[in-house]
Amino acid sequence: MSANKSFSTETSERYSRALFEVSVETKDQENIETEVKVLKSLINNSNEIKNFIQNPTHSLESQNNVINLLSKNLGFSKNLKNFLLLLIKKRRIFFISKIIESFLKLCMKKKGEIKASLISSKELNESELNGISKDLSSSMGSTVKFDYKVDKDLIGGLKLQLGSFMIDTSIRNKLKKIEQKLLEN
């Protein structure tokens with residue numbers, strides 16, 4: 001384990017790679033990716049599920065029952081269901097959110113997609129977002145997918161985070177730079 005990674009990050013990446021490899025081997029990557037997105041949405045939108053997963057005091061039997069019920073009701077594949085049951089058996093189910101994020105990154109990487117964060121001061125319409133995505137995708141040589149948010153505190157402009165690369169054209173950022181220059185003089 002590298003010094004820069006926590007145990008939970010290292011463990012999550014290892015499990016997500018295992019799920020990814022199984023999904024590729026069984027030629028079921030797209031299906032499992034879709035199911036994982038459904039699971040992610042369920043965890044993010046249901047405090048009951050989130051609390052159940054994060055609470056280590058539940059018995060293995062009750063956790064297995066919940067996963068079996070969810071898998072049946074949501075139509076999860078045998079591979080995803082078995083993977084989730086393995087996480088319970090190994091007492092790693094509370095890492096599921098990190099595992100999901102890592103798995104989805106692996107899927108994006110395989111498809112040649114890059115995830116970016118775009119924050120604007122005003123609501124952008126679909127054609128503006130598509131134009132930005134198209135321009136960035138051609139510059140990067142990969143398909144760029146956005147997590148898009150509106151932040152009224154920006155006053156004007158955009159903030160784009162692409163991995164460790166950051167473009168900040170917001171007026172708030174420009175004002176901070178002017179303030180810094182004034183303080184330096």
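In the predicted model, the contact between α4 and α5 brings together Leu60, Gln63, Asn64, Ile67, Asn68 and Ser71 of α4 with Lys81, Leu84, Leu85 and Ile88 of α5. Sorted by class, this contact holds 5 nonpolar, 4 polar and 1 charged residues. Helix α4 covers residues 60-74 and helix α5 residues 78-89; their axes lie 10 Å apart at an angle of about 165 degrees. Because angles over 145 degrees count as roughly antiparallel, α4 is roughly antiparallel to α5. The crossing of α4 past α5 is right-handed.

The loop between α4 and α5 contains Ser77. Ser77 has a relative accessibility of 12% and therefore counts as buried. Leaving aside residues up to four places away in sequence, Ser77 touches Asp28, Asn31, Ile32 and Glu35.

A second pair is formed by helix α2 (residues 29-45) and helix α3 (residues 47-54), whose axes come within 5 Å and cross at roughly 95 degrees. That angle makes α2 roughly perpendicular to α3. On the α2 side the contact uses Leu42, Ile43, Asn44 and Asn45, and on the α3 side Asn47, Ile49, Lys50 and Ile53. The classes here are 4 nonpolar, 3 polar and 1 charged residues.

| Helix pair | Angle between axes | Distance between axes |
|---|---|---|
| α4 and α5 | about 165 degrees | 10 Å apart |
| α2 and α3 | roughly 95 degrees | within 5 Å |

Terms used. Residues are numbered from 1 along each chain as its sequence is written. This is a predicted model: local features need pLDDT of at least 70, side-chain atom pairs count only at pLDDT 80 or more; totals for chains, interfaces and linings use all residues. Side-chain values use heavy atoms; hydrogens and water are left out. Axes are lines fitted to C-alpha atoms, for helices over the stretch in contact, and angles run from 0 to 180 degrees between N-to-C directions. Helices (H or I, at least four residues) and strands (E, at least two) are DSSP runs, numbered from the N terminus. Angles under 35 degrees count as roughly parallel, over 145 as roughly antiparallel, 65 to 115 as roughly perpendicular and the rest as oblique. A crossing is left-handed if the near helix is turned anticlockwise from the far one by less than a right angle, and right-handed if clockwise. Contact means heavy atoms within 4.5 Å. Ala, Val, Leu, Ile, Met, Phe, Trp, Tyr, Cys and Pro count as nonpolar, Asp, Glu, Lys and Arg as charged, and the others, Gly among them, as polar. Buried means under 20% relative accessible area, exposed over 50%, partly exposed in between (1.4 Å probe, protein chains only).
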